[in-house]
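Here is a friendly briefing to read alongside the model. Please have the sequence and the 3D view open as you go.

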Amino acid sequence: MTVEDVKRTDTGNALLLANEAVVRGALEANVKVVAFYPGSPTSEILDTFSEVIDHFGDYKMHISSNEKVALETVAGASMAGLRSFTSMKSVGMNVASDSMFSIGYTGLNAGCVCLIADDPHAHSSQSEQDGRYFGEAAYVPMLEPSTAQEALDMTKWAFEVSEKHKTLVILRTTTRVNHQRGVVKLGRLDRTPFKKNRWQDIKGPYYTVGEVARALKAKLLQKIDAIRADFEESDFNFIVPGSGTVGILTAGVSYDHTREAMRNLRVKLPMFKLGTVFPFPEKKLGEFLRTISTLIVVEELAPYLETRIAALAHTYNPSLKILGKKSGHFSEMLEYNVPIVETALARVLGKKPSMDYDAILKKAEELKDMLPERPPIFCPGCPHRGTLWAFRQALQQLRIQNKIVFNNDIGCYSMAFLPPNEFSDSMLAMGSSLGISAGMEMALEDKVIAMVGDSTLYHAALPGVVNLIHHNANVTLFVLDNAVTAMTGQQYNPNSPYNAGGHEARKINMEKMFDALGADSVTIIDPYETRDCIAPIKKAMEADGFNVIISRRDCALYGDRLKRDAGEIIVPSENMKDICRSIYACIRDFYCPAIAIDEKDHKMIIQQELCDGCLECRQACPVNAPKHVKVKGR
Amino acid sequence: MKKGETYNILFCGVGGQGLMLLSAILGKAGLDSGFNIMTGEQHGLSQRHGSIYVHFRIGAPLSPLIPYGKADMMLSMEATETLRYIEYLKKDGIIITSNRIMPTVIETKKLASDKEKKTKYLTVGQITERLKQVTSKVVVLDSLNLALQAGNPRTENSVLVGATVACADFPIPKEEVKKAVLALVPPKTIEANSRAFDLGCSICADCLGG
């Protein structure tokens, strides 16, 4: 499989996910230190590095507590003379950017590359944030690949640019690049043994403030000019020749869609494929603009290229007509595909798309009118289902359903905003539930509740916790401790006794930490003993002060994997139909995908191949109908 | 398949059904047969039981995503999910779908809320009736039963992969696909997977022939 391809020492072809191609590129560039906090659509980069770390044994890796720490870790390694790499999702850079802006000023030493992955369509993110502005705003060069092959090649090149100009280099991707698989020509894998340096031999100043900052800024502007000059010569900025005076400017995955759209339309417009989204190769672009009279800009999200090319056209071709988002040909919303690009190009050229895409979509919509939604949902065996059920019971028993505010956070438990729970009043960013709670606690009469997972707690929630305790705030905090960073693929975090490659690490003692910080109470509950959770939750909610409920149980996917690895059998549950009275408490308040209704007798049935055997449904059942009955291996 | 042409397959199913393995198998078979391959995969969040898909493209694809109406084949591990992505299938394209239906919690809730107990789950018949409005080539496989016949209930994917090679214009040679299946499934299950592959192939051939 493809992780094996990452290890290959030959230079043949391999079918790689672009995220794996990035790892391969960094390894071919002899990367020595890597650090990450997981986040879709980049998580496979972390996972792949973690999987091959013992095979190579010549690089060091942290699964860091957050993206800022990860970026600082690789920057520190670069200052210390070792090539280093990190990747993060779009919003990860919001966290890391505080240091990133300073790194722009101080510069670095050994090659240091940071990948940021935007998520048009917000498939798995809280916004459609466009990260391209970071490069320009921080004076940090930014490259953007379109394919798996370019992902590999650009990663390697990014290390060269970084090392030559002593700067961080950002590689910007979008979900459809990260999660595309393509045939990739592997390069030479020349790894060297891991070796530490001596600071005396390589040291440089890496600080910036006041007068120093002003001097660095002047140098930085010169540095960007030098990088721009290099980018003018780069093969990653190229022109695909074509005919006519209508041209195209595009980058990233939009290049892929545009090529196919032109093929479908049987047209060949001259096209500038931009590989360096900051700084622009202005002369090369300017020369291209002089050869055309109309430019179609194809890019997802914000009109980043469009506004910058309009400024450039003032110098090179003032009469150039620019078509893009501002002209209404493309949307700033969502992600693109071939039909969207093809339809826009057809409109400009006065042609018809190769197919009537609108008619196809309309017909499909009619055919699907009876189709039930399949929304994201907690897995069978998920401990969050039990915690939230117990929480709801506690609210009902205390009769305070309408006297609370619930600040949710980022993790699988974000889904508490969906039926059947519908609890979330706010949910913004990693750790935000604590800060939001601080403001609400001052402004509201209601009981303020915050909820975070273990990984989010250590990622960005701790300053918010300290702030609430320090201010004597009345807030109940739920920490959903499922042992791992579940949502992104069950990676280890400071709450795990392991780190990358399954190597031993020190697990932070969560309850001791809250105790030491001065929490008024810390109560540990087991969501699989669901009914027993109600009383301690009620107690914590009724108490004044900062009271913490730690709901502790392994993520079901992680726990099942541990069980399988240990040769243990996962025993699914069955509904005892003679006991079941079709009360449907297991359905209404529970939403377990393993639970269905038998149309013959209208009793609940547990789908054996889906059931995890957690028996949380038995706890929700007033007559205890679900049971483990027979031992079956899976 | 002629040079410059592209054969598009849309895989779909429910999270946890092993769609990524299916994609890896055909990817290996395609690459080993000298084809260019490009896929657009849905990874993202790791929750089980969501709707998932892979755009799998052989030949001369330029974009990772299949345009609407241009999939030559849909290969689906769950019947309702087949209908969910029907906009990708070309007119008279081939649908190979498991007859398995995994009820969604939304439907189960509707059944539970209906005091007169008249609400029913969606059936395979209702779904195929809709699918047939796009194509006559709908192959519905009782993949679980065929897997059981092959000797292992967890070989459903091999049944479905076996079915692909029975289709006339499927570009990857049967031997290469079977080789990839046997190379990527757990060693203990090779024999059952081999039988499952053959069963899927012959049943699909019968369906398309008749």
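**A buried glutamate**

A:Glu150 counts as buried because 25 other C-beta atoms lie within 10 Å (buried means 20 or more other C-beta atoms within 10 Å of the residue's own, exposed means 12 or fewer, and partly exposed is in between, with C-beta atoms placed from the backbone). This residue is found in helix α7 (residues 148-165) of chain A; helices are DSSP runs of H or I with at least four residues, strands are runs of E with at least two, and both are numbered from the N terminus. The C-alpha atoms of A:Glu150 and A:Phe236 are separated by 8.6 Å, although the two are 86 residues apart along the chain.

This is a predicted model, in which local features need pLDDT of at least 70 and side-chain atom pairs count only at pLDDT 80 or more, while totals for chains, interfaces and linings use all residues. Residues are numbered from 1 along each chain as its sequence is written, and chains are lettered from A and ligands numbered from 1 in the order in which they are written.

**Chain A overall**

- The secondary structure of chain A comes to 23 helices and 23 strands.
- Along the principal axes, the C-alpha atoms of chain A fill a box of roughly 80 × 70 × 55 Å.
- Buried residues are 53% of the 634 in chain A.

**Two helices that pack in chain A**

- Helix α12 (residues 282-290) and helix α13 (residues 304-316) of chain A pack at about 70°, with axes 9 Å apart; axes are lines fitted to C-alpha atoms, for helices over the stretch in contact, and angles run from 0 to 180 degrees between N-to-C directions.
- That angle makes α12(A) roughly perpendicular to α13(A) (65 to 115 degrees; under 35 is roughly parallel, over 145 roughly antiparallel and the rest oblique).
- Residues of α12(A) that meet α13(A) include A:Leu285 and A:Leu289, and among their partners in α13(A) are A:Leu312 and A:Tyr316; contact means C-beta atoms, placed from the backbone, within 7 Å.

**Backbone points to check in chain A**

- Most residues other than glycine have a negative phi, and most peptide bonds are trans.
- The peptide bond from A:Ser40 to A:Pro41 is cis, with omega near 10°, and A:Pro41 sits in the loop between β2 (33-36) and α3 (43-56) of chain A.
- A:Pro419 and A:Pro420 are also joined by a cis peptide bond, with omega about 5°.
- A:Asn472 is not a glycine, yet has a positive phi of about 55°; with 12 C-beta neighbours inside 10 Å, A:Asn472 counts as exposed.
- A:Ser582 has a positive phi of about 50° and counts as partly exposed, with 15 C-beta neighbours inside 10 Å.

- Chain B has eight helices and six strands.
- Buried residues make up 59% of the 210 residues in chain B.
- In the interface, 48 residues of chain B are in contact with 52 residues of chain A.
- On the side of chain B that touches chain A, α3(B) gives the largest share, seven residues.

How values were computed
Contact = placed C-beta atoms within 7 Å.
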